[in-house]
Amino acid sequence: NQCMKKIENEFVDYNTALALKKLGFDEPCILLYRGLDTQPVCQMSYDFKTEKNSDYNDATNYWLTVPTFSQCFSWFREKYNVKSCFDWHPTEHYRYCIYYSTNKYFQQCDFLVHEEAELACLKKLIEIVNESKKD
């Protein structure tokens with residue numbers, strides 16, 4: 001179903017969710033990964049319910065929250081003051097830009113679809129924050 005595929009593209013994969021948890025991501029999410037399942041589990045019934053990683057306090061990462069890409073980008077802006085943006089480049093490709101620290105800037109072009117640019121940007125944001133924690 002095309003509609004479900006589009007919705008699934010709004011959420012990060014397991015490895016990205018795990019990397020975010022290691023950085024301290026603990027925001028309310030409506031989906032959870034259970035073990036290494038590739039399909040997230042929805043915790044809602046008739047009531048709107050969210051979960052946070054800290055609700056489980058699980059070192060094994062059996063339960064892991066699944067944020068949307070939008071949640072991730074907002075979290076990086078708010079927690080680490082790392083800003084990102086996306087646009088369409090005149091070469092008919094998508095690109096992302098990241099602004100961080102005082103005058104540091106990173107850009108990557110040549111993604112055929114916007115979703116590829118989002119995933120690559122999120123991975124770069126994780127890398128930037130991990131590197132800054134080493135300093």
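Two aromatic rings are taken as a pair if their centres lie within 6.5 Å. With that rule in place, I begin with one group of residues: ring pairs link Phe25, Trp75, Phe76 and Tyr80 into a cluster. Please keep in mind that the structure before you is a predicted model.

A word on confidence, then. The chain has a mean pLDDT of 83, and 87% of its residues reach 70 or more. Which elements mark the two ends of that scale? Helix H1, residues 2-8, has the lowest mean pLDDT of the elements, at 56, while helix H3, residues 69-80, has the highest, at 94. Where pLDDT is low, the predicted coordinates should not be read in detail.

Let me turn to helix H3. Just after the helix, Asn81 takes a positive phi of about 55°.

Setting aside neighbours within four places in sequence, Phe76 is in contact with Leu20, Leu23, Asn81, Val82, Leu122, Leu125, Ile126 and Val129.

That brings me to the nonpolar core. The largest such core has 30 residues, and those with the most contacts inside it are Leu20, Phe76, Ile98, Leu122 and Leu125. At least two residues of this core come from each of helix H2 (14-22), strand E1 (31-34), strand E3 (63-66), H3, E5 and helix H4 (114-134). Which element supplies the largest share? It is H4, with eight residues. In soluble globular proteins, nonpolar side chains tend to be buried together.

Next, the strands. Strand E4, residues 83-89, and strand E5, residues 93-100, run antiparallel and are joined by seven bridges. Within this pairing, Ser84 has Ile98 in E5 as its bridge partner. E4 and E5 form a hairpin with three residues between them, and Glu92 in the turn has a positive phi of about 65°.

Strand E5 also pairs with strand E6, residues 104-111; these two run antiparallel, with six bridges between them. Here Tyr100 is partnered by Lys104 in E6. This second hairpin, formed by E5 and E6, has three residues between its strands, and Ser101 in the turn has a positive phi of about 55°.

I return, finally, to aromatic rings. How many aromatic pairs are there? The count comes to 12. One of them joins Tyr96 and Phe106, a tilted pair at 6.1 Å centre to centre with 35° between the planes. Tyr96 lies in strand E5 and Phe106 in strand E6, 10 residues apart, and the pair thus links distant parts of the chain.

Are these two residues buried or partly exposed? The cut-off for buried is under 20% relative accessible area. Tyr96 has 3% relative accessibility and therefore counts as buried, whereas Phe106, with a relative accessible area of 23%, is partly exposed.

The rings of Tyr99 and Tyr105 have their centres 5.0 Å apart and their planes at 45°, so this pair is tilted. Tyr99 counts as partly exposed at 39% relative accessibility, and Tyr105 is partly exposed with a relative accessible area of 42%.

Thank you for your attention.

Conventions:
Residues numbered from 1 in each chain as written. Predicted model: local features only at pLDDT ≥ 70, side-chain atom pairs only at ≥ 80, totals over all residues. Heavy atoms only, no water. pLDDT = per-residue confidence, 0-100. Helix = DSSP H or I, 4+ residues; strand = E, 2+ residues; numbered from the N terminus. Pairing = 2+ DSSP bridges. Core = buried A, V, L, I, M, F, W, Y, C linked by side-chain atoms within 4.5 Å. Buried < 20%, exposed > 50% of the residue type's maximum accessible area, 1.4 Å probe, protein only. Contact = heavy atoms within 4.5 Å. Phe/Tyr/Trp six-rings, centres within 6.5 Å; stacked < 30°, edge-to-face > 60°.
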